[in-house]
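Colleague: I am new to this one. Can you take me through the terms as we go?
Modeller: Gladly. Here it is.

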Amino acid sequence: MSNELLFILQMIVSLSFVLCLFRLGKEYLVGYIGFAVILSQIFVNKQFDLFGLAASGGNVMYASLFLATDLLSEWYGKKEAKRAVNIGLCLSVIYLVLSQFIVAYSPNGADWGAAEWLGGLFSLSPSIVIGSLLAYACAQYNDVHLFHKLKEKFDGKHLWLRNNCSTFASQLADTATVLALLCFAGAIEWLSLIHISEPTRPER
């Protein structure tokens, strides 16, 4: 199956999960946001191409976060949406801190290679950690704020349009924040992240 078909399938499944959890109640949506933030931190390590553009495994999970916060905003208010964003941010910090302890442990003879695998997965540079957290906060708070601005403008109508506009703008804010911070820190070049074909991989 091609990357594009997998992407469409994962998008349908992820957004369906969000809608199902929404039917179960507010607490389920808040729980999903915390869970999806951590999964995004893990999935982002997988790099691939979609429709000729560079992408990562965290893109779809991250997109579903915006739907979850928009649903919270629409039905439970701006305050609850911000609370969910704060919870996701706190859980992300906890995950990043605790994962470094696992990396630091010295394996014994019974280790079957998991130590090396986990070290490659969880070893993080400070610029990437800071960029990831700041981008998450910037994008999610922007999404909540813009969603409510559009809700006021359209008198509570056109939910689909408000959701997509706020999500698109927030995704741009997220991408711009990550790229600016990483490039400023010298961790990666712009052209290694923005390309149309023949992706250039950063040297390790």
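Modeller: Strands here are DSSP runs of E with at least two residues, numbered from the N terminus. The model is a predicted one. Phe-51 sits in the loop between strand S1 (47-50) and strand S2 (53-56).

Colleague: Why is Phe-51 called exposed?
Modeller: Exposed means over 50% relative accessible area. Phe-51 has 53%, so the word applies.

Colleague: What is the phi of Phe-51?
Modeller: Positive, about 55°, although Phe-51 is not a glycine.

Colleague: Where is Ser-64?
Modeller: In helix H3, residues 58-76.

Colleague: Is Ser-64 buried or exposed, and how do you know?
Modeller: Buried means under 20%. The relative accessible area of Ser-64 is 0%, so Ser-64 is buried.

Colleague: What makes the pairing of Ser-64 with Tyr-32 a polar contact?
Modeller: The cut-off for the N or O atoms is 3.5 Å. The side chains of Ser-64 and Tyr-32 make their contact at 2.7 Å, so the pair is within that limit.

Colleague: Which residues does Ser-64 contact, leaving aside its neighbours within four places in sequence?
Modeller: Ser-14, Leu-15, Val-18 and Tyr-32.

Colleague: How does the reach of H3 compare with the expected span?
Modeller: H3 reaches 26 Å from its first C-alpha to its last.

Colleague: What comes just after H3?
Modeller: Gly-77, with a positive phi of about 100°.

Key:
Residues are numbered from 1 along each chain as its sequence is written. This is a predicted model: local features need pLDDT of at least 70, side-chain atom pairs count only at pLDDT 80 or more; totals for chains, interfaces and linings use all residues. Side-chain values use heavy atoms; hydrogens and water are left out. Helices (H or I, at least four residues) and strands (E, at least two) are DSSP runs, numbered from the N terminus. Buried means under 20% relative accessible area, exposed over 50%, partly exposed in between (1.4 Å probe, protein chains only). A polar contact is a pair of N or O atoms within 3.5 Å; within protein, one must be able to donate a hydrogen and the other to accept it, and residues adjacent in sequence count only if both atoms are side-chain atoms. Contact means heavy atoms within 4.5 Å. The expected span of a helix is 1.5 Å times one less than its number of residues.
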